[in-house]
Amino acid sequence: MAAAAAEQQQFYLLLGNLLSPDNVVRKQAEETYENIPGQSKITFLLQAIRNTAAAEEARQMAAVLLRRLLSSAFDEVYPTLPTDVQTAIKSELLMIIQMETQSSMRKKICDIAAELARNLIDEDGNNQWPEGLKFLFDSVSSQNMGLREAALHIFWNFPGIFGNQQQHYLDVIKRMLVQCMQDQEHPSIRTLSARATAAFILANEHNVALFKHFADLLPGFLQAVNDSCYQNDDSVLKSLVEIADTVPKYLRPHLEATLQLSLKLCGDTGLNNMQRQLALEVIVTLSETAAAMLRKHTNIVAQTIPQMLAMMVDLEEDEDWANADELEDDDFDSNAVAGESALDRMACGLGGKLVLPMIKEHIMQMLQNQYIMRNAGLEEAQTGIKIARRNINNLRYADDTTLMAESDEELKSLLMRVKKLA
């Protein structure tokens, strides 16, 4: 026992050295780790993960290493272990998930469980870890929110966990996802269930019958997209982009709602630029992957054009940028570049005959507004609202302009200036 404890302690030191900023120390630790036999690695790593008294960084490193081991060397290590050791590993993992109190650590352990489950599906699709499925079903119905999150995280990570029994469990899977997506008390459960739904649909991208069976989950999924965005989480929105790219047919029954939501999020300046660009990406991607479907919704296309044009003119006042010959790395994340790229891709996807007249209509209006604003003398006017020592009296957005002043009289004065040129 003393020898085993000493070896485990040495392993904790090794984990610490693997995290060292010193290249020499880290390289030596990596060489030492590689020379440890596979079964010993698994034993040491599981012990480190289970030990809540160990340093958090060491536990997380152990979790990452164990998942990597199962991912890259499963066939070399796991089948050589005695049957009782294999059973112990599976039981140990499920027990650790149930005992873990740290959410971030629990997710990493769930990643290990998902990786193990992936490798325990044989060539015929048989799941050789029935206890894992039982844990999934029990946890998703648990009153313990941590266990519900764990079940959804495992399913999101490996939606093929049911193997060749998936068709048999299809209604159970659907009920599980619907139940979690309707959980009004726990936003994290709704978000995870939406991501799990997307992962399951994407994993069955050629199963059209399954799309129809799961079509009624889409309204709840879209609600989760909306809610998560306003909680500063764009993970479900990214899942929607993936669906639009890979399985756009799944969106067909609720395409109008999908487009309207994307348009709303794109136009909401209260969201961050990345979220708005992702929302626009849903529509643009559909113009490439499902052009025929999108051409039936020209009203949405017509409303999207000014959004893209508005992004294109969303430029920071930077003289160096204006005079630069090439884009810098940060510029590729800007609204201006995103809007330009989106407009080009949509025109290619839907065809110039549809898109060009819409662009022309708004471009002319934008140029007229620019002429009026420039010649109405608003920049020289002293009326407006002071922001960061600057006088702001108008905000221009595509083909719309908002005038601002501190009083009704000042606002009337600005309005008269504009009306004279309009």
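A charge is said to sit over a ring if NZ of Lys or CZ of Arg is within 6 Å of the ring centre and within 35 degrees of the ring normal. The model is predicted, so that local features need pLDDT of at least 70 and side-chain atom pairs count only at pLDDT 80 or more, while totals for chains, interfaces and linings use all residues. Residues are numbered from 1 along each chain as its sequence is written, and side-chain values use heavy atoms, with hydrogens and water left out.

**Exercise 1. Charges over rings**

Task: state which ring lies under the charged end of Lys41, and at what distance from its centre.

Solution: The ring belongs to Tyr33, and the charged end of Lys41 is 4.4 Å from its centre. A further case is Arg195, which lies over the face of Trp156 at 4.4 Å from the ring centre.

**Exercise 2. An aromatic pair and its surroundings**

Solution: Begin with the rule: rings of Phe, Tyr and Trp (its six-membered ring) pair if their centres lie within 6.5 Å, and planes under 30 degrees apart count as stacked, over 60 as edge-to-face and the rest as tilted. Helices here are DSSP runs (H or I, at least four residues), numbered from the N terminus.

Then consider exposure, where buried means under 20% relative accessible area, exposed over 50%, and partly exposed in between (1.4 Å probe, protein chains only). Tyr169 is partly exposed because its relative accessibility is 22%. Tyr169 also pairs with Phe162, and this pair is tilted because the planes are at 45°, with centres 5.4 Å apart. Phe162 itself is buried, at 1%.

**Exercise 3. Asp111**

Task: decide whether Asp111 is buried or exposed, and list which residues it touches.

Solution: Asp111 is in helix 6 (residues 103-119), and it counts as buried because its relative accessibility is 13%. With contact meaning heavy atoms within 4.5 Å, Asp111 touches Arg67, His153 and Asn157, not counting residues up to four places away in sequence.

Methods. Helix = DSSP H or I, 4+ residues; strand = E, 2+ residues; numbered from the N terminus.
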